[in-house]
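Thanks for coming. Please have a look at the structure first.

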Amino acid sequence: MNAHAAEILAHTAFEAAAMVDAVDRRIVLATQAGLPRVSRPYHAIAEQLGISADEVMARLRRMLEAGVIRRIGAVPNHYALGYRANGMSVWDVPEERIRELGRKIGALDFVSHSYHRPRYLPEWPYNLFAMVHGRDRAEVGAKVAQIAALLGDANRGHTVLYSTRILKKTGLRLA
């Protein structure tokens, strides 16, 4: 990313943050651990905050459109669904193709998240990371093989780092 692009990104993030007022922050705090498990969650949040459900929904919509929040959606517990193997696949791909390849990998339904990360040569040549979940390591391995096939010649090497124990599992939480 060049300096101009970084400046635009920082400016856009600053503008989005400037749009967040005290009520927006209270809505984020009230929803960051998940929506209430009731038939009308936005009404429950509205009642908790002393505002209307319409205002809660309008503010959430505005924050989504501005990029202040990324999404509102269900986050399933993959362990409870039987997905017990987790592998962070790490890939050595050409730097000039990282965006293109990262988007392709990120679009796969079995990849929960992917990242561009710095290499630490000569020990760590990997610059593209993709988390893959499966019922067991064999399933994760088969999915990693699909990624390798998708990358083709751009795959200059890869490995999989398997999770052995969860130490912490939450998204960003505001205090």
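Tyrosine 126 is buried in this predicted model, because its relative accessible area is 14% and the cut-off for buried is under 20%.

Which ring pairs with that of tyrosine 126 edge-to-face? The partner is tryptophan 124. Their ring centres are 4.7 Å apart, and the planes meet at 80°, so this pair counts as edge-to-face; the cut-off for that label is over 60 degrees.

Tryptophan 124 also pairs with phenylalanine 129. Here the centres lie 6.4 Å apart and the planes are at 50°, so the pair is tilted. The count of aromatic pairs is two.

Is tryptophan 124 buried, exposed or partly exposed? Its relative accessibility is 26%, so tryptophan 124 counts as partly exposed. Phenylalanine 129, on the other hand, has a relative accessibility of 10% and counts as buried.

Putting the pairs together, Trp124, Tyr126 and Phe129 form a cluster linked by ring pairs. Tryptophan 124 takes part in the edge-to-face pair with tyrosine 126 and in the tilted pair with phenylalanine 129.

Now to the charges. Over the ring of tyrosine 115 sits the charged end of arginine 117, 4.6 Å from the ring centre. Arginine 135 has its charged end over the ring of tyrosine 83, at 4.4 Å from the centre of that ring.

Terms used:
Residues are numbered from 1 along each chain as its sequence is written. This is a predicted model: local features need pLDDT of at least 70, side-chain atom pairs count only at pLDDT 80 or more; totals for chains, interfaces and linings use all residues. Side-chain values use heavy atoms; hydrogens and water are left out. Rings of Phe, Tyr and Trp (its six-membered ring) pair if their centres lie within 6.5 Å; planes under 30 degrees apart count as stacked, over 60 as edge-to-face and the rest as tilted. Buried means under 20% relative accessible area, exposed over 50%, partly exposed in between (1.4 Å probe, protein chains only). A charge sits over a ring if NZ of Lys or CZ of Arg is within 6 Å of the ring centre and within 35 degrees of the ring normal.
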